Amino acid sequence: MLKHFSEDEFNHFDKMDKRFLEFLDDVRSLAGVAFVITSDYRTREDNQRVGGSATSAHLKGRAVDFVIRPWNGATYYGVIAAAVAVSSMPKWASHGMELKVAPTPNRHIHIAWDGWPQSSFIVG
Ligand SMILES: [Zn+2]
């Protein structure tokens, strides 16, 4: 059961990795701002259409893209700090997290798991 998300906020809730969603829920708790999901599980066709990587974690239901409300420097930084802090918790530390942020032009944040041994943080 997720504290901050309902199934209808996802295009393909049933295809999402449930442990990943619990992790995302923990990040959302700590961040304290609204996450508006803009991309979750993708079919191969969806993924090609948006120019996603052929090995994208979106294909496995282990990635989401979202924007935050409200958006400002403090909330944006807060989400990044929350993602890093939560991914370091003993409960989640065995899952390498990929965090990609795009401050401009669309301010999207991408969080994913794909079995990486270490977390990575990419500003694009
Ligand atoms: Zn993504």
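Which residues of the largest nonpolar core touch the most other members? I looked this up in the predicted model and found L24, V27, A83 and I111, out of 20 residues in that core.

Next I asked where the core residues come from. Helix 1 gives the largest share, with five residues.

I then picked out V27 and set aside its neighbours within four places in sequence. That left contacts with A82, A83, V86 and I111.

Now for the strands. I saw that strand 2 and strand 4 run antiparallel and are joined by four bridges. Here F66 has I109 of strand 4 as its bridge partner. Strand 4 also pairs with strand 3 (residues 96-101), again in the antiparallel sense, over six bridges. In that pairing I noted E98, whose bridge partner in strand 4 is A112.

Stepping back, I counted three helices and five strands in the protein. From the N terminus on, I read their order as α-β-α-β-α-β-β-β. The radius of gyration is 13 Å, close to the 14 Å that the globule rule gives for 124 residues, so the protein is as compact as a globular protein of that length. I also noted that the C-alpha trace spans about 35 × 35 × 30 Å along its principal axes.

Among contacts between residues at least 6 apart in sequence, 61% join residues at least 24 apart.

Definitions and conventions: Residues numbered from 1 in each chain as written. Predicted model: local features only at pLDDT ≥ 70, side-chain atom pairs only at ≥ 80, totals over all residues. Core = buried A, V, L, I, M, F, W, Y, C linked by C-beta atoms within 7 Å. Buried ≥ 20, exposed ≤ 12 C-beta atoms within 10 Å, placed from the backbone. Helix = DSSP H or I, 4+ residues; strand = E, 2+ residues; numbered from the N terminus. Contact = placed C-beta atoms within 7 Å. Pairing = 2+ DSSP bridges. Rg over C-alpha atoms; globule rule 2.2 N^0.38 Å.
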